[in-house]
Amino acid sequence: MMATWHSPEEECWEYLDPNSVKRGPFPSSRMQVWYDHDMLPEDLKVRYASSMAYMPIRELFHPPLKPFRSRPRLTPPKLTPAQTPTECKWQYMDTRGALQGPFPSAQMAQWYEHNMLPKSLRLRRTIDTDFSTISEYFPAPLVPFKSEAKTPGASKAAPPAAGQALPAKPGPTNQAAGTGLSAGVTTLFAAAAAAAASTASGQTALAAQAKPNAGEKAKGKGRQPQ
């Protein structure tokens, strides 16, 4: 059962510093200011009554509760079936290159909702070999760590729409056939051009034979008909 709630100015909050030394008590109003200025990490262990154990801030204030403004609760909210985190384990590489995990999807979902997982974070499922990013595992409109993760690189290109022709791209065999066809057409045009030139040459020769030259014309003028 939850302890009696306190007024914003009542000094009831205590926390453990990095050396596990108890600090406080402090009023909710001061804890609000420190939290709003990112001075209190989500995993900081706090308590508001001496009879309770220290707990991380994120476990006392589940969304949509606002830390040190809303009344804390000790039990997590129930998730609908559509929001239930997927059952798998996750590992990630920290800023020092050390492997962390594995962690369940529920834990990863909490960190993600509190903006504790950067977009560039390299992570993987325990069933995977390669590391990828959150957006590669959960492309829109999937909800990270609540929707079923996609396997990065496994998606195939969508087939063309009905009635849409695929672009023609000849392979090596077709290209060779096309080369032979082009050579045949070139040879055919060359043969036709040669035939045309031969015909023109023959017509010129016939015209030259049928037309008398100037000397024959002169002889014709001086000869009288018999």
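## Terms and model

Two strands pair if DSSP finds at least two bridges between them. Strands (E, at least two residues) and helices (H or I, at least four) are DSSP runs, numbered from the N terminus. This is a predicted model, in which local features need pLDDT of at least 70 and side-chain atom pairs count only at pLDDT 80 or more, while totals for chains, interfaces and linings use all residues. Residues are numbered from 1 along each chain as its sequence is written, and side-chain values use heavy atoms, without hydrogens and water.

## The open sheet

Four strands form an open sheet in the order β2-β1-β3-β4, with antiparallel pairing. The edges are β2 (22–27) and β4 (55–56); each has a single partner strand, so one side of each lacks a neighbour in the sheet.

Inside the order, β1 (residues 11–16) pairs antiparallel with β3 (residues 45–47) over 2 bridges. Tyr15 stands opposite Val46 of β3.

## The hairpin

Strands β5 (residues 89–93) and β6 (residues 99–104) run antiparallel, joined by 4 bridges. Met93 has Leu99 in β6 as its bridge partner. The two strands form a hairpin with 5 residues between them. In the turn, Gly97 has a positive phi of about 85°.

## Asp128

Asp128 sits in the loop between β7 (123–125) and α4 (134–137). Its relative accessibility is 18%, so Asp128 counts as buried (under 20% relative accessible area; exposed is over 50%, partly exposed in between; 1.4 Å probe, protein chains only).

The Asp128 side chain makes polar contacts with the side chains of Arg125, at 2.8 Å, and Tyr137, at 2.6 Å. A polar contact is a pair of N or O atoms within 3.5 Å; within protein, one must be able to donate a hydrogen and the other to accept it, and residues adjacent in sequence count only if both atoms are side-chain atoms.
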